[in-house]
Amino acid sequence: MNLPRIFSGSSNPQLAKEVSQKSKIKLGSLELGKFADGEIDVWVKDDVNNSNVFIFQSNSYPVNDNIIELSLIADALRRSGAHKITAVIPYFGYSRKEKQNRTGEPISAKVIADLITASGINKVVCLDLHADAIVGFFDVPVIYLSALNVLAQRLKGEKLINPVVVAPDVGGVKRARNFATLLNAPLAVIEKHRQTHVRDEMEVLSITGQMSGDTAIIIDDIISTGGTIIESVKALKKRNVKKIIVCATHGIFAGSAVKNLEHSPIDKIFVTDSVKSSAKSKKIETVTISNLIADCLTQEL
Ligand code: R5P
């Protein structure tokens with residue numbers, strides 16, 4: 001059997017490198033490129049015959065390219081005789097479309113899970129999916145990790161006076177409750193409303209639960225445009241919350257999110273490195289999930 005290898009797609013090579021160093025699983029040699037017409041090309045240069053291989057790819061921006069690249073790497077590894085192919089997908093794009101909100105819509109998360117699985121992968125490792133049910137969309141075994149503990153450990157180093165953990169929407173209550181348990185803090189829930197015909201926009205309807213704390217800790221899975229967080233912060237400020245900390249596993253920061261978050265009265269934002277970020281802001285701190293993933297891969301060998 002050949003040695004196990006990590007093959008990194010182009011979405012987050014830094015995370016793959018750190019996981020390789022920590023797990024002692026070597027990075028494989030892979031050439032990634034594009035044809036003049038935009039088609040993606042990959043070439044696995046190592047002998048992977050009969051070996052355990054891991055593909056690293058977050059389905060972040062450019063999301064469609066990264067999904068296709070992942071599928072092509074998987075196909076190349078399968079055709080090269082790899083024994084077991086595990087796709088490590090720290091951020092699973094299209095996860096927010098895991099159900100139909102109205103007739104005529106696709107269930108995009110299922111389509112992407114099928115697409116990736118069809119390319120020949122045997123197992124998936126993923127992290128804090130938008131909805132836990134997405135695990136069942138894959139017809140192969142899934143190792144489902146959470147960064148909540150990593151984020152909670154980092155928060156324990158902060159000065160938190162009377163903290164209250166806040167779910168920014170009803171769909172995030174389970175996540176927020178788990179986070180509140182880790183931080184030994186009470187829970188509050190914001191009810192938000194999204195208009196089906198306007199993408200990326202939301203409004204806050206109400207806040208339920210104890211909200212008398214001095215520090216609000218909003219926990220979400222994804223920060224994309226920042227709209228959910230910014231509207232939540234406005235609602236919390238009306239309740240005289242003094243300090244606002246935001247935690248999210250996946251810091252996408254689409255469009256002018258960073259600028260808008262900078263201008264909002266948030267004290268600090270913690271995200272993980274599930275997505276490679278070029279976000280430059282003193283408010284944003286990245287906490288690494290490389291140990292979490294390295295431990296997981298080591299157990300898979
Ligand atoms: C939605 O239900 C998710 O949990 C996030 O709250 C949402 O996707 C964040 O997106 P944005 O930053 O664009 O509001």
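Before anything else, my cut-off for burial: I call a residue buried when its relative accessible area is under 20%, and exposed when that value is over 50%. I also note that this is a predicted model.

**Entry 1: aspartate 220.** I started with aspartate 220, which sits in strand S12. Its relative accessible area is 4%, so I put it down as buried. Then I looked up its contacts beyond the neighbours within four places in sequence: Pro168, Arg175, Thr228, Ile229, Cys247, Ala248 and Thr249.

**Entry 2: the ligand.** Which residues come nearest to the ligand? Of the 14 around it, I get Arg96, Asp220, Asp221, Thr225 and Thr228. I then checked the polar distances. The side chain of aspartate 221 has an N or O atom 2.6 Å from a ligand oxygen. For threonine 225, a polar side-chain atom is 2.6 Å from an oxygen atom of the ligand. Threonine 228 also puts a polar side-chain atom 2.6 Å from a ligand oxygen. On its own the ligand has 370 Å² of accessible area, and the protein covers 94% of that.

Next I asked where the shell comes from. Strand S10 (187-194), strand S12 (215-223) and helix H6 (227-238) each give at least two residues to it. S12 has the largest share, with four residues. By residue class I find two nonpolar, six polar and six charged in the shell.

**Entry 3: the chain as a whole.** I count eight helices and 15 strands in the protein chain. Along the principal axes, the C-alpha atoms fill a box of roughly 60 × 45 × 35 Å. I have 50% of the 301 residues down as buried. Accessible surface for the chain is about 14,200 Å², and carbon and sulfur atoms hold 49% of it. Taking contacts between residues at least 6 apart in sequence, 62% join residues at least 24 apart.

**Entry 4: valine 142 and threonine 86.** I picked a pair 56 residues apart along the chain: the C-alpha atoms of valine 142 and threonine 86 are separated by 9.3 Å. Valine 142 is in strand S8 (residues 142-145). Leaving out neighbours within four places in sequence, valine 142 is in contact with Val124, Cys126 and Val135. Threonine 86 belongs to strand S6 (residues 84-89), and at 2% relative accessible area I log it as buried.

I found a cis peptide bond between tyrosine 61 and proline 62, with omega about -5 degrees. Proline 62 is in the loop between strand S5 (52-56) and helix H2 (63-79).

Asparagine 240 has a positive phi, near 65 degrees. I place asparagine 240 in the loop between H6 and strand S13 (243-251). Phenylalanine 253 also has a positive phi, near 50 degrees, and lies in the loop between S13 and helix H7 (257-262).

Buried or exposed? Asparagine 240 is exposed at 63% relative accessibility, whereas phenylalanine 253 is buried at 9%.

Note on methods: Residues are numbered from 1 along each chain as its sequence is written. This is a predicted model: local features need pLDDT of at least 70, side-chain atom pairs count only at pLDDT 80 or more; totals for chains, interfaces and linings use all residues. Side-chain values use heavy atoms; hydrogens and water are left out. A residue is near a molecule or strand if one of its heavy atoms lies within 4 Å of it. A polar contact is a pair of N or O atoms within 3.5 Å; within protein, one must be able to donate a hydrogen and the other to accept it, and residues adjacent in sequence count only if both atoms are side-chain atoms. Accessible areas come from the Shrake-Rupley method with a 1.4 Å probe; for residues, only the protein chains shown count as cover. Ala, Val, Leu, Ile, Met, Phe, Trp, Tyr, Cys and Pro count as nonpolar, Asp, Glu, Lys and Arg as charged, and the others, Gly among them, as polar. Buried means under 20% relative accessible area, exposed over 50%, partly exposed in between (1.4 Å probe, protein chains only). Contact means heavy atoms within 4.5 Å.
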